[in-house]
Amino acid sequence: MQAIAAMAYGTETIDKVYKIFGPGNQYVTAAKSIVNVQGTAIDMPAGPSEVAVFADESCVPAFVAADLLSQAEHGPDSQVLLVSSSENVLQNVAEEMEMQLQALPRKSFITEALQHSIFIKTSSIDKAFDILNDYAPEHLIIASSNALEISEKVVNAGSVFIGNYSSESAGDYASGTNHTLPTNGNARAYSGVSVDSFVKKITFQEVKKDGIKSIADIVESMAEAEGLQAHQQAMILRRQSL
C-alpha cells in the first residue's frame, strides 16, 4: 500500500502516475480504491486471492486438493470453493486435503483460510455453474476429462483452467496467461489485465456540410426535447449557414 501511495501522489524520486496496475492483498486493494476515488485510475479491484473448482467423477482428487491448498496458502483472507454434483468427489477431496495439509509449511495460514471456504454439492452441472457464475471467481478450475465442453458454461470468471493438468499455479508462474485478475465477484464486470488495459482510446470525428444536412433535424429535435437550447442553436446556426 506504500507503493500505491508513492505512485498515486508522487515522491521526490517517483513520478505521479495516471493509472496503477497489479494485484495484492486486502490492504493493497483498499489503497487502490482510495486513490481511485481521488483521481488515479486503477485496473480493477484485485485481491485477496480466490479459486473455485468444479470437479466431477473424472477428476483426480489429489490434484483438486492440491489446487485448493495452494490458493489457501496465500493468506488467511484467501478463499477456496469446491463445487461438485458428486458426494464421493467432495469426500475424497476433503480426505486428500487433510493428508496434504500436514506437510505444508504455511499450514497455519491455510487452516485459517479454510475456515471461510466452502464445499457445495449440487444436483447437476448446470446448477453448479449457476452458482459459479454468480460467485464469479478470480480463478476457476474445471477438473474434468470433459472440461473443454463444460467450459462453455462459464459466463463470469477471471481466468479459467481447463482439465485435470491445468493447475492454477501454472497460471501464476509459467503457462503465459495474465495473473492480475478481478476478485470478490468483480469478474461479473471486469476482465483481467491485458494489453488493451494499457491502451487509451481517443475518438476523432469530422462533420462536413453533407453531414449537417443529414443529421441536423435529429440533433435539433433531441436537444429541444432535453431542453438544451444552446445545443440546438449550435446546430441551427450551421444548418442555416448552408
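Me: Starting with open space, how much lies in the largest pocket?
Reply: The largest pocket of this predicted model holds about 210 Å³ of space.

Me: Which residues lie nearest its centre?
Reply: Those are G24, N25, P48, S49 and H74, out of a lining of 18 residues.

Me: And how does that lining divide by class?
Reply: The lining of the largest pocket has four nonpolar, ten polar and four charged residues.

Me: What about the second largest pocket: how much space lies there?
Reply: About 180 Å³ lies in the second largest pocket.

Me: Which residues line it?
Reply: Y18, K19 and F21 contribute to the lining of the second largest pocket, together with D196, S197, F198, V199, K200 and K201. By class, this lining divides into four nonpolar, one polar and four charged residues.

Me: What lines the largest cavity?
Reply: The lining of the largest cavity consists of V60, F63, V64, D67, I141, A143, G163 and N164. The elements giving two or more residues to this lining are α3 (61-72) and β6 (139-143).

Me: Which element gives the largest share?
Reply: Helix α3 does, with three residues. Taken by class, the lining of the largest cavity has five nonpolar, two polar and one charged residues.

Me: Staying with α3, at what angle does it pack with α4?
Reply: The angle between α3 and helix α4 (residues 87-101) is about 60 degrees, and their axes are 8 Å apart. With that angle, α3 counts as oblique to α4. The crossing of α3 past α4 is right-handed.

Me: Which residues meet there?
Reply: From α3 the contact involves P61, A62, V64, A65, A66, L68 and L69, and from α4 it involves N92, V93, E96, M97, Q100 and L101. The contact of α3 with α4 comprises ten nonpolar, two polar and one charged residues. V64 of α3 takes part in this contact and also lines the largest cavity.

Me: What makes the contact between them?
Reply: I4, A8 and Y9 of α1 make the contact with V28, A31, K32, I34 and V35 of α2. The residues of this contact divide into seven nonpolar, no polar and one charged.

Me: Last pair. What is the angle between α9 and α10?
Reply: Helix α9 (residues 209-225) packs with helix α10 (residues 229-241) at about 155 degrees, the axes being 8 Å apart. The angle is therefore one that makes α9 roughly antiparallel to α10.

Me: Is the crossing left-handed or right-handed?
Reply: Helix α9 passes α10 in a left-handed crossing. The contact is made on the α9 side by I212, I215, A216, V219, E220, A223 and E224, and on the α10 side by Q229, H231, Q232, M235, I236, R238 and R239.

Me: How does that contact divide by class?
Reply: The contact of α9 with α10 has seven nonpolar, three polar and four charged residues.

Technical notes
Residues numbered from 1 in each chain as written. Predicted model: local features only at pLDDT ≥ 70, side-chain atom pairs only at ≥ 80, totals over all residues. Heavy atoms only, no water. 1 Å grid on protein atoms, 1.4 Å probe; cavity = no way out; pocket = protein on both sides within 12 Å on 5 of 7 lines; lining within 4 Å. Points joined across faces, edges and corners; volume = space filled by probe spheres on them. Nonpolar A, V, L, I, M, F, W, Y, C, P; charged D, E, K, R; others polar. Axes fitted to C-alpha atoms, helices over the stretch in contact; angles between N-to-C directions. Helix = DSSP H or I, 4+ residues; strand = E, 2+ residues; numbered from the N terminus. Parallel < 35°, antiparallel > 145°, perpendicular 65-115°, else oblique. Left-handed = near helix turned anticlockwise from the far one by under 90°. Contact = heavy atoms within 4.5 Å.
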